[in-house]
Amino acid sequence: MEDNQVASHYSNTKIIDSILSGLDRAGIGVAKVSVDDLGPVDEFHTGGRAATEHLLEDLQIDTYECILDIGCGIGGTSRFLADRTTATVSGIDLTEEYIEAGKILNQWVSLEDRISLQCGDANNINSESNAFDLAVMLHVGMNVEDKATLFSEAARVLKQGAEFAIYDVMVKKPTQIKFPVPWATNQSMSFLEPVESYEEYLEGAGFSIEKTVGRGEFAASFFRNMLETAKEADGPPAIGLHLLVGPSIKDKMQNFSQAVFDGLVEPTEIIARKL
Ligand SMILES: C[S@@+](CC[C@H](N)C(=O)[O-])C[C@H]1O[C@@H](n2cnc3c(N)ncnc32)[C@H](O)[C@@H]1O
């Protein structure tokens, strides 16, 4: 599978214009926009900001100096981490438009000096070794076939004893899901694995597993809420993932939520530590 196939799945040249019109609808001027205002559009994973907070709740995030956000998208988690800590945050992502939009959003919230976003491949991270105190990776592994290399790269750039917080959609029942889903247009760019395979690859790369948490119930209730709200509302919310994903969001979320309701996949957290 080609990297550019993944990048074109996510590609959207109108991200900033769409977010601007969403902010306008919400009555929020760019001069006043906050990291929290952007949360509903820039945290592109199941459950958004609430899921990020849950993933990181047991970590001492205010003690880190250098954090890496692998597959950072438009940088929502990077901005959240920079906003809540004094750390510098580096984000890398394959999709150039996401990185370019993310840099503009960093400026809007005056965090451009502490966040650097860079276009790059998680399997070949452009960083020196032993550089980071924490790496996070939210809803990215589903696009990466070679997870052994992915986790060796994460191990290489992390300092000894550093944590690696993962939140990915993982297989619960090995059966075909319906496409498109938010991370893939079709099967050729979807590399779902069960939590046991993640654990094996992580241990093989030199991590110990500190904790794994299935978030299936959280995801199901998140989707039920979303569907209920959509039924009652007159159109999408002013600020939401539709601004990032475009009109295909409806089918993608429909198929993904059904796979969660049917117990075929489960968003799952893993906290690992580099030995
Ligand atoms: C579902 S989005 C999640 C983005 C972000 N982590 C978040 O939660 O908002 C998946 C992201 O992974 C990126 N991605 C997929 N494969 C990648 C790879 N090999 N290297 C870097 N980024 C990758 C995509 O470009 C996309 O931005």
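How do the residues of the shell around the ligand divide into nonpolar, polar and charged? Keep that in mind for a moment. One caution before the answer: this is a predicted model.

Now the answer. The shell has 14 nonpolar residues, nine polar ones and three charged ones. In total, 26 residues surround the ligand. The closest are Phe44, Gly71, Gly73, Thr95 and Ala122. Which elements give two or more residues to this shell? They are helix 1, residues 3-10, helix 5, residues 76-84, and strand 2, residues 88-93. Helix 1 provides the largest share, with three residues.

Stay with helix 5. Its packing against helix 3, residues 35-42, comes next. The two helices meet at an angle of about 155 degrees, and their axes are 9 Å apart. Angles over 145 degrees count as roughly antiparallel, so helix 3 is roughly antiparallel to helix 5. The crossing is left-handed. Who makes the contact? From helix 3, Val35, Leu38, Gly39 and Asp42 take part. From helix 5, the residues are Gly76, Arg79, Phe80 and Asp83. By class, that contact holds three nonpolar, two polar and three charged residues.

Last stop: helix 7, residues 147-157. Which of its residues are buried? Lys147, Leu150, Phe151, Glu153, Ala154, Ala155 and Val157. And what covers them? The cover includes strand 1 (66-70), strand 4 (132-138) and strand 5 (158-171). It also includes helix 8 (195-204), strand 6 (207-214) and strand 7 (265-274).

Methods: Residues numbered from 1 in each chain as written. Predicted model: local features only at pLDDT ≥ 70, side-chain atom pairs only at ≥ 80, totals over all residues. Near = placed C-beta within 6 Å. Helix = DSSP H or I, 4+ residues; strand = E, 2+ residues; numbered from the N terminus. Nonpolar A, V, L, I, M, F, W, Y, C, P; charged D, E, K, R; others polar. Buried ≥ 20, exposed ≤ 12 C-beta atoms within 10 Å, placed from the backbone. Contact = placed C-beta atoms within 7 Å. Axes fitted to C-alpha atoms, helices over the stretch in contact; angles between N-to-C directions. Parallel < 35°, antiparallel > 145°, perpendicular 65-115°, else oblique. Left-handed = near helix turned anticlockwise from the far one by under 90°.
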